[in-house]
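Thanks, everyone, for making time this morning.

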There are 4 protein chains.
Amino acid sequence: MAGSSIGTIFKLCTFGESHGIAIGGVIDGVPANFELDLEAIQKELDKRKPGQSAIVTQRKESDTVQFLSGIFEGKTTGAPIGFIIPNENQKSTDYKHLEHTFRPSHADFTYQKKFGIRDFNGGGRSSARETASRVVAGAIAKQMLASLGIRFSTYVDQIGGIRFQSTEFFDQELIESNLVRCPDAQLAAEMENLVREIRKEGDTIGGAIRCVIENVPIGLGEPVFDKLHAELGKAMLSINAVKGFEIGSGFSAITMRGSEHNDLFKTDGTTKTNHSGGIQGGISNGMPINFRVAFKPVATLMQDQLSINTMGEEVTIAGKGRHDACVVPRAVPIVEAMAAITILDFYLRNKSIHL
Amino acid sequence: MAGSSIGTIFKLCTFGESHGIAIGGVIDGVPANFELDLEAIQKELDKRKPGQSAIVTQRKESDTVQFLSGIFEGKTTGAPIGFIIPNENQKSTDYKHLEHTFRPSHADFTYQKKFGIRDFNGGGRSSARETASRVVAGAIAKQMLASLGIRFSTYVDQIGGIRFQSTEFFDQELIESNLVRCPDAQLAAEMENLVREIRKEGDTIGGAIRCVIENVPIGLGEPVFDKLHAELGKAMLSINAVKGFEIGSGFSAITMRGSEHNDLFKTDGTTKTNHSGGIQGGISNGMPINFRVAFKPVATLMQDQLSINTMGEEVTIAGKGRHDACVVPRAVPIVEAMAAITILDFYLRNKSIHL
Amino acid sequence: MAGSSIGTIFKLCTFGESHGIAIGGVIDGVPANFELDLEAIQKELDKRKPGQSAIVTQRKESDTVQFLSGIFEGKTTGAPIGFIIPNENQKSTDYKHLEHTFRPSHADFTYQKKFGIRDFNGGGRSSARETASRVVAGAIAKQMLASLGIRFSTYVDQIGGIRFQSTEFFDQELIESNLVRCPDAQLAAEMENLVREIRKEGDTIGGAIRCVIENVPIGLGEPVFDKLHAELGKAMLSINAVKGFEIGSGFSAITMRGSEHNDLFKTDGTTKTNHSGGIQGGISNGMPINFRVAFKPVATLMQDQLSINTMGEEVTIAGKGRHDACVVPRAVPIVEAMAAITILDFYLRNKSIHL
Amino acid sequence: MAGSSIGTIFKLCTFGESHGIAIGGVIDGVPANFELDLEAIQKELDKRKPGQSAIVTQRKESDTVQFLSGIFEGKTTGAPIGFIIPNENQKSTDYKHLEHTFRPSHADFTYQKKFGIRDFNGGGRSSARETASRVVAGAIAKQMLASLGIRFSTYVDQIGGIRFQSTEFFDQELIESNLVRCPDAQLAAEMENLVREIRKEGDTIGGAIRCVIENVPIGLGEPVFDKLHAELGKAMLSINAVKGFEIGSGFSAITMRGSEHNDLFKTDGTTKTNHSGGIQGGISNGMPINFRVAFKPVATLMQDQLSINTMGEEVTIAGKGRHDACVVPRAVPIVEAMAAITILDFYLRNKSIHL
């Protein structure tokens with residue numbers, strides 16, 4: 001059953017496989033009469049695209065978005081925005097050897113069993129290439145939110161054992177000042193070295209991303225099921241390779257006492273601490289929202305791996321191709337995009353709270 | 001905007017405030033012609049209800065569910081099941097002092113600011129009392145899933161610093177053999193002592209719950225947005241006091257290498273390890289699903305706390321009333337209910353994959 | 001699959017069978033902080049209830065609504081409004097003879113075949129009794145819309161061959177001044193006589209209802225699929241016994257020429273004619289909305305009818321019980337309720353058109 | 001708020017304006033592993049396209065669909081099918097004179113007022129060109145339904161005062177044997193003459209389409225709101241220029257008696273008459289479904305018309321361009337497409353009725 005849409009008012013539906021003609025999407029429920037900066041959207045895509053730096057996959061894709069509808073003389077019309085991102089290396093035969101093979105910890109096995117058929121080229125529909133469409137919608141959402149003063153700071157919090165451990169808001173310039181997108185130059189250098197080392201071994205490594213959102217108005221979130229952090233969690237967990245999500249104090253709250261965890265109010269309604277992560281009872285409280293997302297190590301290795309084929313026979317998969325040793329630097333714009341899509345949707349939902 | 005429903009085919013809509021006339025819900029999309037065990041549903045409610053043991057809140061509520069529709073001669077008819085759970089201590093005036101006060105880390109402030117009005121009695125709509133309705137729907141879902149062989153094992157994994165750290169499937173009898181619902185008797189005793197101690201101090205403590213689901217058919221989950229673990233995550237994060245969710249390896253995947261994390265196949269299609277937690281590419285792979293949910297310490301303390309009133313003036317909130325020092329033992333049936341609702345919904349969604 | 005909900009923001013979910021314990025519903029997405037007139041809601045129910053006059057069914061049901069949640073000190077809180085209407089003659093054994101019989105042009109056959117089980121008492125879930133819950137939600141929607149100046153005029157346009165044929169707005173007093181709810185006293189008397197005559201013969205007769213809505217703001221309706229008249233049409237066609245829907249010129253447009261049908265503008269943006277029925281391109285244009293709904297004759301006759309039983313054998317169904325000879329007078333509040341629910345939902349949806 | 005999607009499982013989302021780069025859509029929830037006949041899809045588009053015969057608009061558009069995803073080696077994969085139909089005469093400046101003018105009975109006024117901006121070229125998003133995307137999705141649905149034995153017969157029932165008045169099932173060959181798509185050759189000739197005559201006068205004329213669907217399984221439809229005919233009605237009313245919908249006996253039921261209207265059963269469960277139009281209680285009963293759709297005359301005339309501009313001043317709109325004098329012959333494939341989309345969606349929804 002249909003699972004390719006997200007959002008209730010600001011709604012994204014994506015389509016496309018890794019090696020098909022194009023990927024793309026439709027954004028419906030776009031607020032009308034808003035002037036878009038189309039170049040800024042492309043810049044967001046560039047942050048995600050392969051080949052952008054020495055530490056990411058060297059696959060060649062320009063990831064150029066083409067808008068087909070919903071924009072008139074530079075402004076949104078309220079009609080759905082349809083867009084495509086052509087796949088440039090679509091005719092690749094790199095994957096013919098995978099036609100009858102299930103790669104470990106990929107979605108080959110589950111797609112084959114579920115649908116009885118699968119496009120095996122580059123992971124087909126299960127490829128993280130699909131997230132480029134999310135970045136397009138997220139970039140539009142971010143521009144709209146920026147006009148309301150809502151700002152995002154998303155950065156790499158951890159790669160392997162190297163952890164930054166901050167919940168601060170950092171500027172884009174600082175985050176973009178190094179290849180791993182960690183605001184701490186020293187740790188960033190260590191992380192970069194770790195990624196290079198892991199790559200040399202043909203292996204991969206996990207990581208974590210922190211997202212901080214400032215100036216979110218009080219009142220976003222629709223209890224009891226559509227709590228703001230519940231939908232943020234779903235949005236994050238829908239990103240390829242994500243294994244965990246925590247809001248505010250998150251898993252560290254387990255060992256805390258209430259007397260320590262409670263966020264006491266100041267008289268202006270803000271709180272002295274922010275263990276809540278900007279959300280109480282599922283509704284934003286005006287404090288910065290912050291959450292953390294855990295990514296597993298990429299499943300594609302540059303090493304031989306034992307696996308099985310569709311007949312249930314043992315096979316060896318040779319490590320070849322061009323892949324990321326660590327996905328989190330390129331996942332930063334994806335996390336931010338999904339956060340922006342979610343926040344804008346709840347901003348619009350909140351407009352109908354009163355008559 | 002409406003946020004009181006969850007599910008797409010098997011759909012629960014809840015209503016009701018903590019101290020109103022009744023809470024309840026409507027379950028729509030119920031598979032027809034299924035014989036229900038109504039007593040078993042009440043037993044699930046009993047696991048969640050206040051006053052069940054010495055270590056939980058001593059508030060008196062019998063939590064008796066009354067079914068109003070959708071069941072005919074003991075069987076589901078396919079029509080929506082409406083039900084109510086009358087509130088027995090509804091006339092309480094315990095909360096009059098909170099009319100103009102915002103309790104720290106509760107939803108008082110955000111509800112007031114969002115809606116411009118709030119039922120301040122016992123937290124009103126934001127009270128965890130609402131989760132009793134979820135337990136009703138979850139109990140029905142569990143009976144249906146049990147008839148398909150799908151079984152749940154949900155237990156307390158951690159209270160404060162005391163951690164069980166297992167991903168095994170344990171029988172109900174073992175889980176129910178102690179007050180904290182931890183399958184390890186030794187650790188359970190320690191946890192119980194910790195809760196008693198914390199309570200004596202008028203304080204509260206966080207915890208974590210593990211849920212393991214066996215015999216889930218291969219193929220449940222609808223990429224790219226409605227991935228099975230993404231919806232499980234949303235379902236869990238929608239429960240009061242939950243701060244984090246992780247599937248399979250979860251946050252521990254951050255520090256792992258791909259060569260270590262990849263789940264290698266056996267020739268029968270099962271995997272040698274289960275870092276994936278039973279889900280790959282957002283679709284169940286037939287291995288046990290397992291996830292972990294982090295709960296913050298209860299915000300209501302039996303201690304004086306500084307706070308503010310609706311005029312922005314400082315006030316002191318006295319610690320009084322009857323509350324849980326640790327919520328996780330009573331949250332076990334809620335986590336299991338939300339898991340069952342989600343799994344049944346995806347089971348039904350998967351039926352339309354082929355013509 | 002779940003089909004018991006309507007609306008996207010202002011959302012009604014109903015439950016309950018004709019002879020179960022109670023019918024009821026949950027209204028979610030209710031605008032907050034609105035003072036409700038609860039007596040006025042009950043008055044709307046009274047317009048629909050059986051036994052209200054000599055020309056309708058004499059079945060006894062007081063149809064008293066009980067609100068369970070979402071209302072605090074007389075005002076909506078934004079939380080879902082749960083409500084029930086107890087069934088007073090629920091223990092009836094009038095229907096035992098129908099356990100194995102399919103009544104012609106009822107839903108007995110289709111429910112049995114679809115679900116494999118059916119509550120045969122009084123039509124069970126397929127009974128028009130369910131529409132009482134719609135009247136509750138509609139009455140709330142009407143109060144909210146009235147506060148915005150939006151007013152409804154719903155009346156009987158036709159019974160059998162007797163047709164009023166107006167698209168005017170008439171006051172409630174005039175509509176309620178006779179038993180058939182037709183604003184023309186002369187025609188109303190004729191209609192009433194026709195109904196009495198038909199009833200004497202143990203037969204039934206069809207009819208039509210006109211609904212006119214004034215002061216609808218320009219801009220309601222969400223193309224391309226959720227056009228305002230498309231959702232009004234769905235809402236009407238979901239009412240028991242409805243066979244047709246037409247907006248504005250409706251079926252008479254078939255024989256008209258464009259030069260005659262086009263609604264020319266006045267300089268103030270209103271139009272000289274209103275063949276469009278207040279909606280152009282699926283969006284309200286500020287002119288009165290008017291549509292017409294066709295009802296078939298009630299299927300239950302006070303005559304013997306040949307039919308079949310569940311074994312496929314011929315049986316005779318004796319005409320007995322208490323039923324309406326013509327449903328349209330009692331359907332007036334139902335049509336108006338569904339119209340109000342739809343308009344309010346679109347009013348709320350329209351709030352997110354701009355940032 | 002987002003209104004560009006229809007369906008719950010088999011779900012179509014469309015985008016695109018009349019004179020933008022391309023129109024298109026995404027179909028999600030497509031049953032997997034089904035072999036598509038891509039040529040047959042294009043043939044359906046050809047039935048709708050402009051310039052196909054002497055009696056329709058002579059605008060040039062090849063309406064060639066390009067599939068971008070969801071199809072692998074000729075088969076559906078279960079992934080969303082993205083497609084585009086490039087607009088070939090997109091650079092037209094024919095509409096510059098309409099930038100500040102509201103055409104009577106078009107959507108110019110309502111779009112401008114609702115969104116505060118509008119693409120005025122050829123009606124922009126409100127153009128019936130959008131329906132080409134529906135025909136693509138409908139053609140796919142029809143192929144799937146055909147594999148289940150479900151067949152459609154859609155034809156022109158009426159143009160102006162000339163009415164066919166049949167509810168029979170006619171073969172495609174017969175329907176396609178004349179330009180107006182009416183199975184009666186004699187009436188078709190009269191209709192064709194009428195259209196030519198009307199066109200000569202620079203005027204337009206309304207019409208009606210009948211759709212008959214055979215071999216629909218018993219059990220499709222989800223009461224109480226998502227009744228099969230309610231969703232068919234919505235689907236039809238969402239088509240440009242549609243003013244009315246009736247199922248089975250429709251508006252003629254108003255003057256019928258119950259004793260005449262009731263469909264008596266045969267012992268095999270079929271009925272002797274079919275006033276119900278194949279649907280009882282909102283659920284298909286296995287008899288042929290038949291409904292009728294009323295279309296208003298096209299609003300664009302080849303005559304001068306008085307109107308207003310955006311400043312509220314009177315202007316004269318000159319009749320020019322290439323338009324249909326009667327839309328119903330080209331609307332036949334659109335009605336059939338929307339019917340097929342709806343039936344397939346309910347077919348898939350019905351799969352989750354039992355565990």
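This is a predicted model: local features need pLDDT of at least 70, side-chain atom pairs count only at pLDDT 80 or more; totals for chains, interfaces and linings use all residues.

Chain D can be laid on chain C with an RMSD of 0.0 Å, by a turn of 180° together with a shift of 0.0 Å along the axis, and that is the relation of a two-fold axis. Of the interface residues of chain D, 100% are also interface residues in chain C, so the copies meet through the same surface.

Now to the contact between chain C and chain B, to which chain C gives 36 residues and chain B gives 36 residues. On the side of chain C that touches chain B, at least two residues each are supplied by β2 (11-15), β3 (22-28) and β7 (81-86) of chain C, and the largest share, 4 residues, comes from β3(C). Sorted by class, that side of chain C has 16 nonpolar, 13 polar and 7 charged residues.

Finally, how many of the 8 residues of helix α2 of chain C are buried? In α2, residues 108-115 of chain C, the number is 6 of the 8, so the helix is largely enclosed by the rest of the structure. The buried residues are C:D108, C:F109, C:T110, C:Y111, C:K114 and C:F115, and what covers these buried residues of α2(C) includes β8 (101-102) of chain C, along with β13 (279-280) and β14 (283-284) of chain D.

Note on methods:
Residues are numbered from 1 along each chain as its sequence is written. Chains are lettered from A and ligands numbered from 1 in the order in which they are written. Copies are superposed by least squares on the C-alpha atoms of residues with pLDDT of at least 70 in both. Two residues are in contact if their C-beta atoms, placed from the backbone, lie within 7 Å. Ala, Val, Leu, Ile, Met, Phe, Trp, Tyr, Cys and Pro count as nonpolar, Asp, Glu, Lys and Arg as charged, and the others, Gly among them, as polar. A residue is buried if 20 or more other C-beta atoms lie within 10 Å of its own, exposed if 12 or fewer, and partly exposed in between; C-beta atoms are placed from the backbone.
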